[in-house]
Amino acid sequence: MDKIEVKNHEIQNTNNLNFMGNIKDIGEDHWMSTIETPLKKDAFELSDQQKIDQIAKHFRSIMDLLGLDLRDDSLKGTPERVAKMYVNELFNGLNPKSLSKVSLFENNYNYNGMLVEKDIELYSTCEHHFVPIIGKVHVAYIAKDKIIGLSKINRIVQHFSKRPQVQERLTIQVVKKLIESLGTEDVACIIEAKHLCVNMRGVRDTKSSTITAQYSGTFNKQEVKEEFLNHVNLESNFDF
Ligand SMILES: [Zn+2]
């Protein structure tokens, strides 16, 4: 893995989104308007099945307009498959209910060092082009009274990934959720990802990737940040 060097990407105040100029430009029209995923008030009035039926109908029209013959055996089930995949899998993180309560444990060992969960697999979807964002997420926190089950960190990352996303927003949403759940500001998250909308279309840059980082609390201190980056850059070999 290439060494990660993150410079000047710190966001100390999530209410102040002046960091956009610091994050590497990933292509045309990639910008984020709000930290919260913009959802309509009536977003969950339809049932999942009603959404699947409607989306399948509209996706069928898209395929039809593209000139595809939907009587073909291979194509005829596609609209419904896509609709189910959108509602039940790729975008089921839009519904806050899909993230079960984050259970915490007492920090009985009084472990007060840094906990790093690295190389969490990321599969998300670019909200500007609806094509995949693929990458890795590294999360760290310094425990106070409570600790979190490790698999919960993965669940939080997955939950916010299963939405049409912007990488910057995803990074902030993961950090915000951890701050809220853990009752500590000392949280950090780095995401390195490839955006297929940049790689397979547009500028067709197949090599580039994008790094976003958000540091909160004590992670804004240079030495704490460096410790985190050193852990992330550590070569771990578990091929046994
Ligand atoms: Zn895109």
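Let me start with a convention: two strands count as paired if DSSP finds at least two bridges between them. Helices (H or I, at least four residues) and strands (E, at least two) are DSSP runs, numbered from the N terminus. What we have here is a predicted model, where local features need pLDDT of at least 70, side-chain atom pairs count only at pLDDT 80 or more, and totals for chains, interfaces and linings use all residues. Residues are numbered from 1 along each chain as its sequence is written.

Now, the sheet. It is open and has five strands with mixed pairing, in the order β5-β2-β3-β6-β7. At the edges sit β5 (164–165) and β7, each pairing on one side only. Strands β2 and β3 (residues 132–142) run antiparallel and are joined by 10 bridges; in one of the β2–β3 bridges, Leu122 has Gly135 of β3 as its partner.

Two helices pack on this sheet. Helix α4 (residues 167–182) touches β2, β3, β5, β6 (187–195) and β7, a contact being C-beta atoms, placed from the backbone, within 7 Å. The direction of α4 makes about 155 degrees with that of β6; axes are lines fitted to C-alpha atoms, for helices over the stretch in contact, and angles run from 0 to 180 degrees between N-to-C directions. Helix α6 (residues 222–233) touches β2, β3, β6 and β7, at about 70 degrees to β2.

Most residues other than glycine have a negative phi. Yet Asp119, in strand β2 (residues 114–126), has a positive phi near 55 degrees. Arg204, in the loop between α5 (196–199) and β7 (210–215), has a positive phi near 50 degrees. Thanks, everyone!
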